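Could you read the points below with the model open beside you? They are arranged by topic, from the whole chain to single residues.

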Amino acid sequence: MSSSQESVLPSYETDDSQASKLIRKSKESPFVPVGMAGLIAVVSYGLYKLKHRGSTKMSVHLIHMRVAAQGFVVGAMTCGVLYSMYREYLAKPKE
């Protein structure tokens, strides 16, 4: 093999940090950070309400918290898909 040939194996970019990847992905699909923020907000609120749950069982409280977090993330994903469809099909400039 000569050194002038390109490598068959793909080269991975190691200079991208996690923050730069997150910023790039959030520019591509802006509802990903919204979903993540909503998930963190729902979990934080659920943990706060854990102290004041009264006579509610722990398992019922955790199930409600999980359903709320999943609902928020699925809602954010749906909005993201609708937004990308709008950008691709309706807001696309006519050629």
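1. Basis of the note. This is a predicted model, in which local features need pLDDT of at least 70 and side-chain atom pairs count only at pLDDT 80 or more, while totals for chains, interfaces and linings use all residues. Residues are numbered from 1 along each chain as its sequence is written, and side-chain values use heavy atoms, with hydrogens and water left out.

2. Overall fold. The chain holds three helices and zero strands, and its elements run α-α-α from the N terminus on; helices (H or I, at least four residues) and strands (E, at least two) are DSSP runs, numbered from the N terminus. Of the contacts between residues at least 6 apart in sequence, 60% join residues at least 24 apart, where contact means heavy atoms within 4.5 Å.

3. Surface and burial. The accessible surface of the chain comes to about 8400 Å², and 64% of this belongs to carbon and sulfur atoms; such areas come from the Shrake-Rupley method with a 1.4 Å probe, and for residues only the protein chains shown count as cover. Buried residues make up 9% of the 95 residues in the chain, with buried meaning under 20% relative accessible area, exposed over 50%, and partly exposed in between (1.4 Å probe, protein chains only).

4. Helix H3. The 33 residues of H3 should span 48 Å at 1.5 Å a residue, and the end C-alpha atoms are 47 Å apart, which agrees; the expected span is 1.5 Å times one less than the number of residues. His-61, Met-65, Ala-69, Ala-76 and Gly-80 are buried in H3, and what covers the buried residues of this helix includes helix H2 (31-50).

5. Annotated spans. The unreviewed UniProt entry lists residues 31-48 and 68-86 for "transmembrane region"; its positions are given in the numbering used here, feature names are shortened, and annotations may be inferred rather than shown by experiment. In the model, residues 31-48 are 100% helix and 0% strand, with end C-alpha atoms 25 Å apart, and residues 68-86 are likewise 100% helix and 0% strand, with end C-alpha atoms 27 Å apart.

6. His-61. Is His-61 buried or exposed? His-61, which is found in helix H3, counts as buried because its relative accessible area is 12%. Not counting residues up to four places away in sequence, His-61 touches Gly-46, Lys-49, Leu-50, Arg-53 and Thr-56.

7. Tyr-83 lies in helix H3 and is partly exposed, with a relative accessible area of 33%; leaving out residues up to four places away in sequence, Tyr-83 touches Pro-30 and Phe-31. Ser-29, in the loop between helix H1 (18-28) and H2, is 54 residues from Tyr-83 along the chain, yet their C-alpha atoms are separated by 8.7 Å. Ser-29 and Ser-84 are 55 residues apart in sequence and 7.6 Å apart in space, C-alpha to C-alpha.

8. Arg-87. Arg-87, also placed in helix H3, is partly exposed at 38% relative accessibility. Apart from neighbours within four places in sequence, Arg-87 is in contact with Lys-27, Glu-28 and Lys-92.
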